Amino acid sequence: QVQLVESGGALAQAGGSLRLSCVASGSIFSINTMAWYRQAPGKQRELVALVTSGGSTNYADSVKGRFTISRDNAKNTVYLQMNSLKPEDTAVYYCNVDLILLNIPRRSNYWGQGTQVTVSS
């Protein structure tokens, strides 16, 4: 019923920038919180940043001042602008969306398939 398609992952050099995108499609009535998580090899998945339907944002301490999350409600899209990349940012980045479907009047949560970000030193 819902698809999340991520793009933008790539190999980057330390100090460089990347922009991730995630588009939600399907039988969507409304989207609440949109977020980015990441999982590095051997580590647990962690929240990177989130943006609420009202535009409030929250960031992991490790990315504050370097990453910016934003959303385009008309396009059901969330972005993650990543600047001043560090090797420790290397991970698979996952989009996560909390939404309400057209035919199911309750909140549902969906994950994207993940996109690889690799930062070389």
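Mentor: Start with burial. A residue is buried under 20% relative accessible area, exposed over 50% and partly exposed in between, with a 1.4 Å probe and protein chains only. Here Tyr 94 is buried, at a relative accessible area of 14%.

Trainee: What should I know about the model itself?

Mentor: This is a predicted model: local features need pLDDT of at least 70, side-chain atom pairs count only at pLDDT 80 or more, and totals for chains, interfaces and linings use all residues. Residues are numbered from 1 along each chain as its sequence is written, and side-chain values use heavy atoms, with hydrogens and water left out.

Trainee: How is an aromatic pair defined, and how many does the rule give here?

Mentor: Rings of Phe, Tyr and Trp (its six-membered ring) pair if their centres lie within 6.5 Å. Planes under 30 degrees apart count as stacked, over 60 as edge-to-face and the rest as tilted. By this rule there are two aromatic pairs. One of them joins Tyr 94 and Trp 111, edge-to-face, with 6.5 Å centre to centre and 85° between the planes.

Trainee: Which strands hold Tyr 94 and Trp 111?

Mentor: Strands are DSSP runs (E, at least two residues), numbered from the N terminus. Tyr 94 lies in S9 (residues 91–101) and Trp 111 in S10 (residues 107–111), so their pair ties together parts 17 residues apart in sequence. Tyr 37, Tyr 94 and Trp 111 form one aromatic cluster.

Trainee: Is Trp 111 buried, exposed or partly exposed?

Mentor: Trp 111 is partly exposed, at 39% relative accessibility.

Trainee: Which charged residues sit over rings?

Mentor: The test takes NZ of Lys or CZ of Arg, within 6 Å of the ring centre and within 35 degrees of the ring normal. The charged end of Arg 45 sits over the Trp 111 ring, 4.6 Å from its centre. Arg 19 lies over the face of Tyr 79, at 4.0 Å from the ring centre.

Trainee: Which strands pair with S9?

Mentor: Two strands pair if DSSP finds at least two bridges between them. S4 (residues 28–39) runs antiparallel to S9, with nine bridges. Ile 28 stands opposite Leu 101 there. S10 is also antiparallel to S9, over five bridges, and Leu 99 has Ser 108 as its bridge partner. S9 and S10 form a hairpin with five residues between them. S11 (residues 115–120) pairs antiparallel with S9 over three bridges; Tyr 93 partners Thr 115.

Trainee: Why is S9 largely enclosed?

Mentor: Nine of its eleven residues are buried, so S9 is largely enclosed by the rest of the structure.

Technical notes:
Helix = DSSP H or I, 4+ residues; strand = E, 2+ residues; numbered from the N terminus.
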